[in-house]
Amino acid sequence: MEAGGSHHKVSVSPVVHVRGLCESVVEADLVEALEKFGTICYVMMMPFKRQALVEFENIDSAKECVTFAADEPVYIAGQQAFFNYSTSKRITRPGNTDDPSGGNKVLLLSIQNPLYPITVDVLYTVCNPVGKVQRIVIFKRNGIQAMVEFESVLCAQKAKAALNGADIYAGCCTLKIEYARPTRLNVIRNDNDSWDYTKPYLGRRDRGKGRQRQAILGEHPSSFRHDGYGSHGPLLPLPSRYRMGSRDTPELVAYPLPQASSSYMHGGNPSGSVVMVSGLHPLKMNCSRVFNLFCLYGNIEKVKFMKTIPGTALVEMGDEYAVERAVTHLNNVKLFGKRLNVCVSKQHSVVPSQIFELEDGTSSYKDFAMSKNNRFTSAGQASKNIIQPPSCVLHYYNVPLCVTEETFTKLCNDHEVLTFIKYKVFDAKPSAKTLSGLLEWECKTDAVEALTALNHYQIRVPNGSNPYTLKLCFSTSSHL
């Protein structure tokens, strides 16, 4: 189906499945390229997959689109895309209206890959240039989501078209936008997670001493002066490849990136720094293996399996943003035949109580606060981590020069995980003391299981004084 030639194998539908989109595509780009085939009712972006669903008002428009693309290339934002009929006859709207255009002035924003803090300041600066924002509410139960209420339905429609699929920061904090169910937001206080721009004097929550963080954008765009209002600060344009797709909407804005988001920046753990993980295999998972997987998204302080709920563990992480990254990337991931459920816990910390022995004989509780394998213990170290969703390719590093493909094969066999299908070693400098490279598995699940079992394995070298700690992480490459 690489050239869209197999469209006859799927029954005709007014919904068209679009593949092969480039990273910078937003909803407006799709509308701009495809509206020549007919009126478009609705667009659902799938940014991580570089795909989208486009629903035409008329089935003949969808036919024309798919047929045309089978014979001639169709370019979206300068890159050829591929088209087929969707198995769906209509895109499901989360809103409470039958209006195909979404008739609601409240948008639901899901922020995918949230490497940096998302506050009302950030969302206001992104959304307000497109349409006047009245209220914002952020909630962090399953990943990080927000509802943004605009002044009118038209403003919300323009914002969805211009921002759906865009990155707030280059390469991360990707916006997936739908119409929300509520038609109005109720904001009771102005703080980092909620703001009513029609009521600048609304009571602000006391954030407490010793926990204040430097705001990404400095003071709020309508920062409090004696009269309750202030001026807008200077904003920087995003690089051209992250531009808006529509000519009549302003460019997005970018902000200085925070240095890191780990516990060393805080005076203690902020609320929401504990994640609850259920669906853990009782025979194959323990505290160290939970650490091996979750340490890719932030520092791990403590891990405790719960005696009263088998297969469930609490993981105390370095900060709330590490929790957001872990929930975003690991919720619903399949591991050892079970599907993980990862969500923010109501607990503020993990207490070492009711310690018992797990099936493999290890302790149900382990403290990792001083572990050298934590990867976010300094700003410099944190900046070297490439936060990636699970994939079938693992990047390995910090292995001795004597390690070969056979070494990795034996490791997989010894730890009872499936062996990789492709192996690559990077050329090392003459002065290098370690090797790095890539390993590819048949599927994502196999790679996740291998990483969970093999990450931080101690490789001993004959006549060597100290072992080498094998480091694994998910690669930016999709295939070798």
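Which residue in β16 is the bridge partner of I300? I began with this pairing and found that I300 has M317 as its bridge partner in β16.

Before going further I noted that the model is predicted, that local features need pLDDT of at least 70 and side-chain atom pairs pLDDT 80 or more, whereas totals for chains, interfaces and linings use all residues. Residues are numbered from 1 along each chain as its sequence is written, and side-chain values use heavy atoms, with hydrogens and water left out.

**Entry 1: the chain**

I counted nine helices and 26 strands in the chain, taking helices (H or I, at least four residues) and strands (E, at least two) as DSSP runs numbered from the N terminus. Of the 480 residues, 52% count as buried, where buried means under 20% relative accessible area, exposed over 50% and partly exposed in between, with a 1.4 Å probe and protein chains only. Among contacts (heavy atoms within 4.5 Å) between residues at least 6 apart in sequence, 71% join residues at least 24 apart.

**Entry 2: strand β16**

I then returned to β16, residues 312–317, where six of the six residues are buried, so the strand is largely enclosed by the rest of the structure. T312, L314 and E316 point one way from the strand, while A313, V315 and M317 point the other way. For its neighbours I used the rule that two strands pair if DSSP finds at least two bridges between them. Strand β14, residues 274–278, pairs with β16 in the antiparallel sense over five bridges, and there A313 is the bridge partner of V277. Strand β15, residues 300–305, also runs antiparallel to β16 and is joined to it by five bridges. These two strands, β15 and β16, form a hairpin with six residues between them, and in the turn G311 has a positive phi of about 75 degrees.

I traced an open sheet of five strands in the order β2-β3-β1-β5-β4, with antiparallel pairing. The edges are β2 (40–46) and β4 (74–76), each with a single partner strand, so one side of each is left without a neighbour in the sheet. Neighbouring strands of this sheet are turned by 35 degrees against each other on average, direction ignored. Between β2 and β3 (residues 51–56) I found six bridges in the antiparallel sense, with Q51 in β3 as the bridge partner of M46. Helix α1, residues 27–34, packs on the sheet and touches β1 (15–19), β2, β3, β4 and β5 (79–85), its direction making about 135 degrees with that of β2. Six of the eight residues of α1 are buried, namely E27, A28, D29, L30, A33 and L34.

**Entry 3: helices α5 and α9**

I looked up the axes of α5 (residues 287–294) and α9 (residues 444–454), which come within 7 Å and cross at roughly 120 degrees; axes are lines fitted to C-alpha atoms, for helices over the stretch in contact, and angles run from 0 to 180 degrees between N-to-C directions. That makes α5 oblique to α9, given that angles under 35 degrees count as roughly parallel, over 145 as roughly antiparallel, 65 to 115 as roughly perpendicular and the rest as oblique. On the α5 side R289, N292 and L293 meet V448, L451, T452 and A453 in α9.

**Entry 4: L202**

Last, I checked L202, which lies in the loop between β11 (194–196) and β12 (236–237) and counts as buried at 18% relative accessibility. L202 and N190 are 12 residues apart in sequence and 5.8 Å apart in space, C-alpha to C-alpha.
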